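Hi,

I am handing over the structure we talked about. Please open it below and read my notes beside it.

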Amino acid sequence: MRMAAEFILRPISRKYDKAEHEPPLEMEQLNQAAAAQKKESGVGDDSVKSMDLGGRSLWAVISLEQMCWGDVGLFLARPGTGLGNAAIMAVGNQEQKALWGKRWAAMAITEPAAGSDSKNISTTAVLEGDEWVLNGEKIYVTDGDRCDCVVVWATLNKDMGKTAIRSFIVEKGTPGFTVARLEKKLGIRASDTATLIFDNCRIPRENLLGGKEEIETDINAAKKSFGGAMQTFDNTRPMVAGMAIGLGQAALDMTRALLTEEGYEDNFGRSMHQQTAIQNELEMLEAELEAARLLVYKSAWMMDNKMPNSKEASMGKAKAGRIGNRISLKCVEICSMQGFSEDHLLEKFSRDSKILDIFEGTQQIQQLIVARQVLGKSSSQLK
Amino acid sequence: MQDYNTEHPFDITLSEDQQMTWDMLRKFGETELRPHARQAESDGRPSDELLEKIKSLDLIPLIIPEAYGGMGLEQDSVSNALALEALAYGDLSLAMSVSIPLLTAQIISEHGSEEQKAELLPMFVNGSIFHVGLGINNTMLATDPYQSSVTADESGEEIILNGSKTGVAFANEANTFLISASNESGECNLYFVNKDQEGVEIEDKEFMGLKGAPLSQINLSNCKINASQKLGGHNYSINYESLVDSSRIGMSALALGVCQAVLDYVVPYTNERVAFDEPISNRQSVAFMIADMAIETEALRLMIYKAAALKDLGEDFHKQASLTYRFATHHGMKIGTDGVQLLGGHGFTHEHPVELWYRNLRAIGIFEGGAGV
């Protein structure tokens, strides 16, 4: 993976940062490299596209870490796999997994008026005969333009809150489903981020992903239903956190390489009097990165061992997200004009890193989840 | 970039033995050490009664070889780190009252000459745990932590020591000191110095924290010792860097125990303390501080496990130990100060332990040779 990152991704990093919205054709090579690697490690080849990790979350985190050491934007633009695939694998039935598992599936949750509070979405789904009719607007959909299908979150009845939320699989080309625009972004420019419009979009009844067609009146069943959708995050947060670790390591490695050319050497464990300000700074950043890495590995390891990992997944994501930001920005500062310059990728890393502390739950959402669990509070007590 | 080594997969499940020892020591820390922390602080030392209880844990005889009356158990570093964390959960000063003699006994068992071991180790087993005072902490600000502020002139028949060491625990109860000193070729080794010999002066010191254990400075001026008083014997040299690194993992484990104590204290406090008609923990500014505390404490725990595990695997652990101690220093201090902040004015008083934990946590990153793994 690391070789693929270094020899496939790095050489085209700058090209697709500039050529925003242009699909990176070289990326098929990366999929092939990933498939070869997975075969070697004994995970079924099909799982590459389906994100069916089958107890290999830690393995996946480490692979992601390596690939995102290469380039986060390009990794996200890798054809074939989107967050929708994780949702299909987590909550889909056997037929759905078989039918959609290997298609490229994006995930559409966020709306102009509903971000972190995903239970407040207003895209609607109404059952008419044997079809669901979807209406609404989704924004910030990663892979929304290039994917084969989208997992869309919609409500059966907005007044019923989160109990009425379901997810649906919508295939590209379905009448009433259009890509309205592509976002221009601070970073991860190689990856497409789309606004999707659903205007009386009709999909087959069996495209309801997990959950029941009716709204549960039993409060526990209802809670379980939304909880099921949220559980996807326990699976995906360690992955996104792994991306931040890879990016942080890339920035540190590049900074060290630039400094070494000018005679820098690490000086771990010495007293403050013996370290230069830069040695001191890099040691602390390295310690923070290592701490984040271990938190993330632990959350994935728990997942693999079927232990509830919601708190740990958020701990890892919170720590990795903020550290990825801090390291990449600090590296720009340490490398001064070279860091700021487009001659090197450090400035790009600092732009790419920001999203990793935002999507799959912002820093603040992770803190909220951790705090509720540590303090034993409900979401109505600690808002 | 980190390699994923499939031969050493990530696994942080404690063994049954480790879990049992941890449970037992943690309970001891909480029920036997913590209630006496204030008393020990005002007395400047633990009571004799408390010391007897600490000794009855048999932590020191456990690691002393059978030939010298101990049980000769080779403890792994992860287990040692767990034990240190569990004790410091009770109180840092009191935990160090046992971790320092334990480290001293470990060093002598591992590096001492036959003669030195035969003379000194049985006393540890017989309950005299402070008869050798350990002098690792440097007095001079700019000294390399892997070197000593005491110099050893090894040029003649005798070795001549000059300089000072500070933070020596229970110095007044020692007959002998084990002092680190750097020689002309830049090697740092340990030397035994008798308390009553010429050129040795003990100066009692007060520090902002760790007040529950007496700490002194040892001043050596032209202190002449025989070459056989070098630890391990005349021609022996120890890997001092590895000793310091191991001690840093130990200090980090002690810090972890205190951090966990702070976290476990502020959770019920902020849940019960009401302001503006609701528990203060219902406010994000309070809750997020606690979330971060939990995140960094857990991260520190994993860093310590990894550093100790690397040592157990016989791999180079210098970098991991350095990063871990650095992390413990930075976040330990942050957690200490946040603990006081979360209790507001109450946290500033002696009515609650958070101010004591804050002062003690300041020792992390400064104190060397306070524990080993």
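Predicted model: local features only at pLDDT ≥ 70, side-chain atom pairs only at ≥ 80, totals over all residues.

**Chain A against chain B**

The contact draws 34 residues from chain A and 32 residues from chain B. On the chain A side, four helices of that chain give two or more residues each: helix 5 (57-70), helix 10 (277-304), helix 11 (310-334) and helix 14 (363-375). Helix 10 of chain A has the largest share, with 12 residues. By class, the chain A side that touches chain B holds 18 nonpolar, 8 polar and 8 charged residues.

**Inside chain B**

Chain B splits into domain 1 (16-128), domain 2 (133-229) and domain 3 (240-361). Domain 1 of chain B puts 16 residues into the contact, and domain 2 of chain B puts in 9 residues.

Which elements give two or more residues to the domain 1 side of chain B that touches domain 2? They are helix 2 (37-43) and helix 6 (92-111) of chain B. Helix 6 of chain B gives the most, with 9 residues. This side of domain 1 of chain B comprises 9 nonpolar, 4 polar and 3 charged residues.

Best wishes

Note on methods: Residues numbered from 1 in each chain as written. Chains lettered and ligands numbered in written order. Contact = placed C-beta atoms within 7 Å. Nonpolar A, V, L, I, M, F, W, Y, C, P; charged D, E, K, R; others polar. Domains from an automatic or database assignment.
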